[in-house]
Amino acid sequence: MTDQQIQQQVNQTAWAACDTFRGAVDAGQYKDYILVMLFLKYISDQWNEHVETYRQQFGGDDARIRRRLERERFVLPEGASFYDLHERRNEANIGELINEALEAIESTNIAKLEGVFRNIDFNSEANLGRVKDRNRRLKNLLEDFAKPALDLRPSRVSEDIIGECYIYLISRFASDAGKKAGEFYTPSAVSGLLARLANPQPGNTICDPACGSGSLLIQASQQVGSDNFALYGQEVNGATWALARMNMFLHAKDAARIEWCDTLNSPALVEGDHLMKFDVVLANPPFSLDKWGAEHAGDDPFKRFWRGIPPKSKGDYGFISHMIEIARRQTGRVAVIVPHGVLFRGGGEGAIRKALIEENLLDAVIGLPANLFTSTGIPVAILVFDRSREEGGANEDRRDVLFIDASRDCTPGKTQNLLEEGHIKRIVDTYRARSEEPKYSHRASPEQIAENDFNLNIPRYVDTFEAEEEIDVAAVQADIDRIEGELAEMRAQMQAYLKELGVNA
């Protein structure tokens with residue numbers, strides 16, 4: 001069986017396990033139970049295979065086997081394996097037993113898994129129903145994950161397959177969750193585009209300050225082309241933060257530092273009294289976040305909002321300001337997904353936008369098609385900022401801003417439009433070459449942007465107007481005359497036929 005066939009089998013079997021909860025538990029909640037169970041099954045299968053390997057190497061030398069196991073990426077405590085729980089699946093307190101197993105795993109691997117399971121309760125009556133129903137659901141879940149198709153031993157499946165299954169499930173949950181999906185998932189094609197635009201290089205530090213379940217960080221890491229990088233993230237939602245931690249673990253990105261915090265009000269990626277700096281910063285932050293903390297922004301200890309304080313009902317420029325401040329001076333790159341209002345709204349946002357443009361930080365504005373996200377149907381844009389355009393940076397002489405209108409480049413889908421590889425490649429190639437193409441891209445000078453009062457609305461710079469084909473009125477009239485003549489002739493023939501048949505017209 002090929003890796004692709006195994007991938008499909010694993011994906012389908014894991015998704016089918018969700019039938020245990022559908023109709024009884026909200027999709028936004030049951031995703032946590034499924035993903036935690038996948039994680040538990042993965043570490044149990046990996047642990048068991050390592051145990052078997054060491055037994056073959058060292059025979060009955062249990063002390064030597066134990067020392068080897070203690071040096072693994074994680075340690076699975078006795079009695080906390082998926083298989084221990086599967087054997088006890090008929091116990092009346094199976095929910096408690098699963099909770100205890102997860103607590104033991106977390107406490108044994110505190111450096112990597114501290115707090116990961118604190119927001120999940122397999123004994124919750126509110127989420128999983130009363131005892132009888134809860135026990136039945138958990139028994140079914142354990143039996144589903146015990147199926148041969150979900151054999152996740154390293155000798156059978158690669159870490160890529162397990163990681164891709166995790167992301168596949170998150171994408172399916174996002175589809176079920178609708179508008180709530182924006183809290184934890186960015187469509188894979190959009191994440192891939194953002195990562196390619198940010199262009200992380202070997203040795204780079206990469207940060208997503210609104211990382212959700214971490215898939216954008218994974219996409220960025222895959223662009224590097226080596227293991228020489230460091231990942232950082234911040235996430236405000238505790239359950240989503242836990243998903244990100246597990247996502248990193250399943251992709252063998254154990255060293256990633258993912259913090260649970262409110263990025264705008266209490267960022268946790270700090271060194272002493274200042275924010276950490278990164279080579280690449282990329283994010284899909286919540287759009288126009290209300291009550292984001294404007295009332296405290298003036299007293300921000302890190303002085304992130306010195307260009308101006310965004311409106312209290314729209315936190316977009318709060319995230320943008322934070323991202324630019326944590327990008328390394330003279331070298332850092334920033335790529336962020338924003339709603340179109342960010343491009344043209346006035347007031348405080350207009351003042352911040354003007355300051356960023358006058359500082360020569362804005363590198364590109366890219367318009368994407370509508371309906372790419374499960375959480376919103378509105379069209380979005382990507383802003384790329386490049387701190388190498390600052391004085392002393394490698395691109396300090398670059399003054400223009402590249403505008404790309406890719407709003408029509410997509411494949412229509414039943415519920416969402418899709419960015420295909422060809423669409424993504426065209427955007428990335430245009431951006432890297434900074435090429436101009438009629439009705440698609442344009443390099444705008446600082447003077448042109450100033451003439452537009454620092455409004456970045458893409459149609460002001462990329463003319464996509466399609467002139468209608470000129471109509472030859474005389475030819476149209478001639479066609480009408482011809483058709484009317486033919487019609488009169490046909491009517492006369494019809495009258496003759498009716499007369500022959502003795503039918504009164």
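Arg 71 lies in the loop between helix H3 (62-69) and helix H4 (82-87), where helices (H or I, at least four residues) and strands (E, at least two) are DSSP runs numbered from the N terminus. With a relative accessibility of 62%, Arg 71 counts as exposed; the classes are buried for under 20% relative accessible area, exposed for over 50%, and partly exposed in between (1.4 Å probe, protein chains only). The model is predicted: local features need pLDDT of at least 70, side-chain atom pairs count only at pLDDT 80 or more, and totals for chains, interfaces and linings use all residues. Residues are numbered from 1 along each chain as its sequence is written, and side-chain values use heavy atoms, with hydrogens and water left out.

**Surface patches**

- Patches consist of residues with over 30% relative accessible area and no salt bridge, like charges being joined within 9 Å and nonpolar side chains (Val, Leu, Ile, Met, Phe, Trp, Tyr) within 5 Å.
- A salt bridge is a side-chain nitrogen of Lys or Arg within 4 Å of a carboxyl oxygen of Asp or Glu.
- Ile 471, Val 473, Val 476 and Ile 480 make a nonpolar surface patch of about 380 Å²; accessible areas come from the Shrake-Rupley method with a 1.4 Å probe, and for residues only the protein chains shown count as cover.
- Val 476 belongs to helix H19 (residues 473-500) and, at 40% relative accessibility, is partly exposed.

- Asn 417 is placed in the loop between strand S10 (401-405) and helix H17 (421-433).
- Its relative accessible area of 17% makes Asn 417 buried.
- Leaving aside residues up to four places away in sequence, Asn 417 touches Ala 370, Asn 371, Leu 372, Cys 410, Thr 411 and Pro 412, a contact being heavy atoms within 4.5 Å.
- Between the C-alpha atoms of Asn 417 and Arg 432, which are 15 residues apart along the chain, the separation is 25 Å.

**The chain as a whole**

- The protein chain contains 19 helices and 11 strands, and its C-alpha trace spans about 100 × 80 × 45 Å along the principal axes.
- Of its 505 residues, 51% count as buried.
- Among contacts between residues at least 6 apart in sequence, 73% join residues at least 24 apart.
- Carbon and sulfur atoms account for 47% of the accessible surface of about 23,900 Å².
- The chain has 59 positive and 78 negative charges, whose mean positions are 4 Å apart.
- Lys and Arg count as positive and Asp and Glu as negative, without His and the chain ends; each charge is placed at NZ of Lys, CZ of Arg, CG of Asp or CD of Glu.
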